[in-house]
Amino acid sequence: MLAVLGLALAGGLWWWWQGRLAKPLPPEAVTARLAVPVAAPTGPVAVYHLGHSLVGRDMPALLAQMAGHDHASQLGWGSSLKDHWTGTVAGFDTENAHAKHRPAGEAVDSGDYPVVVLTEMVEIRDAIRYHDSARHLALWAARARMARPDVRLYLYETWHRTDDAEGWLERIDRDGARYWQGDLLAGAMAQDGVGDIYVIPGGPVMAAAVRAIETGEVPGLTSRDDLFARDDSGAVDTIHFNDVGAYLMALTHYAVIYQRSPEGMAPALTRADGSQITGLSEDTALALQRIVWDTVFRYGLTGMSNG
């Protein structure tokens with residue numbers, strides 16, 4: 001950490017040392033910066049994932065199989081970017097007991113990863129209020145860029161519980177501009193040394209998939225519950241995805257990072273432990289692939305040259 005502090009001061013990141021953030025960017029400035037396209041990778045690129053159970057072990061493994069790239073991660077139980085920064089990650093030993101774990105500081109400082117995906121905790125309003133989200137997004141982003149100036153940085157926008165009293169779809173529709181972009185990106189991207197942080201729109205893709213499922217447009221799926229895990233009693237988990245949801249999120253990451261349609265991506269993939277994923281027919285997979293590409297293509301904050 002001392003070495004990183006020295007680099008930060010040398011690089012002029014006074015906001016870190018002084019504890020003062022520059023004023024957040026106005027929404028139109030965020031949109032304008034992220035509307036400038038970036039070059040798509042010409043081949044597989046190593047990806048580092050920092051986050052929690054809405055990343056998980058399986059989703060990055062599915063993504064790696066789709067793209068043929070190497071990956072590593074650090075996870076926790078509902079962990080915020082601040083938790084990862086301060087080393088106070090709940091469930092650290094349990095969640096990182098796998099071959100693809102690499103400590104976050106070591107991984108980011110190495111410069112080994114052309115792509116770094118940063119994931120904030122949810123409830124996102126609590127992350128902003130109690131975990132200083134914009135500052136810690138900026139800290140991780142600036143640290144990655146100090147180690148590798150050409151790093152491609154992404155914020156993985158996730159979702160809240162499906163039984164949210166304000167409405168699950170309604171909140172996904174509102175929260176992107178209000179919190180993920182309006183607080184996190186606007187605050188972080190205003191700081192020296194951070195640069196651009198693009199969006200992997202996990203929540204919007206989930207919402208688009210649910211709307212299609214619940215209007216009968218996805219063969220084999222009938223409700224939003226078909227994207228979420230169940231416990232031993234059969235009760236639906238209101239936030240954590242099952243294999244179908246993990247596949248959907250892996251497609252989303254693939255479409256954004258590689259700027260390619262995932263249509264035709266085979267559903268015969270394996271989890272991180274080598275076991276086969278279930279719940280996906282060819283028709284189901286194709287429908288989800290088309291939803292992902294349509295959503296990502298139109299989203300506009302991904303850095304895609306055709307988005």
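Okay, housekeeping. Because this is a predicted model, local features need pLDDT of at least 70 and side-chain atom pairs count only at pLDDT 80 or more, while totals for chains, interfaces and linings use all residues. Residues are numbered from 1 along each chain as its sequence is written, and side-chain values use heavy atoms, with hydrogens and water left out.

Let's start with the core. The largest nonpolar core has 97 residues. By nonpolar core I mean a set of buried Ala, Val, Leu, Ile, Met, Phe, Trp, Tyr and Cys residues joined through side-chain atoms within 4.5 Å. Buried means under 20% relative accessible area, exposed means over 50%, and partly exposed is in between, with a 1.4 Å probe and protein chains only. Which residues have the most contacts inside this core? They are Trp159, Ile197, Leu227, Tyr247, Ile257 and Leu288. Helix α12, residues 243-258, gives the most to the core, with 12 residues. When I say helix or strand, those are DSSP runs numbered from the N terminus: H or I with at least four residues for helices, E with at least two for strands.

Take Ile197 from that list. Setting aside neighbours within four places in sequence, Ile197 is in contact with Leu34, Leu137, Ala141, Leu153, Tyr154, Leu155, Leu185, Ala188 and Met189. Contact here is heavy atoms within 4.5 Å.

Now the helix packing. Helix α10 (residues 168-188) packs on helix α11 (residues 202-213) at an angle of about 140°, with the axes 9 Å apart. The axes are lines fitted to C-alpha atoms, for helices over the stretch in contact, and angles run from 0 to 180 degrees between N-to-C directions. So α10 and α11 are oblique to each other. For the cut-offs, under 35 degrees counts as roughly parallel, over 145 as roughly antiparallel, 65 to 115 as roughly perpendicular, and the rest as oblique. The crossing of α10 past α11 is left-handed, which is the name used if the near helix is turned anticlockwise from the far one by less than a right angle; clockwise is right-handed.

Who's touching whom? On the α10 side we have Trp168, Leu169, Ile172 and Asp173, and on the α11 side Gly203, Pro204, Met206, Ala207, Val210 and Arg211. That contact splits into seven nonpolar, one polar and two charged residues. In this scheme Ala, Val, Leu, Ile, Met, Phe, Trp, Tyr, Cys and Pro are nonpolar, Asp, Glu, Lys and Arg are charged, and the others, Gly among them, are polar.

On to α11 with α12. Their axes come within 10 Å and cross at roughly 125°, so α11 is oblique to α12. Here α11 passes α12 in a right-handed crossing. Gly202, Val205, Met206 and Ala209 of α11 meet Gly245, Leu248, Met249 and Thr252 of α12. By class, that's five nonpolar, three polar and no charged residues.

Next, two strand residues. Phe228 sits in strand β6, residues 228-230. Is Phe228 buried or exposed? Buried, with a relative accessible area of 2%. Beyond four places in sequence, the contacts of Phe228 include Trp159, Trp168, Met206 and Thr238. The C-alpha atoms of Phe228 and Gly245 are separated by 6.4 Å, and those two are 17 residues apart along the chain.

Thr238 is in strand β7, residues 236-241, and is buried at 18% relative accessible area.

The peptide bond from Val122 to Glu123 is cis, with omega near 10°. Glu123 is in the loop between β3 (115-118) and α8.

His131 is buried, at 18%, and touches Ser80, Lys82, Asp83, Met121, Asp126 and His136, not counting residues up to four places away in sequence. Asp132 is partly exposed at 32% relative accessibility, and has a positive phi of about 50° although it is not a glycine.

Gln259 is another non-glycine with a positive phi, near 55°. Where is Gln259 found? In the loop between α12 and α13 (282-299), and Gln259 is buried, with a relative accessible area of 10%.
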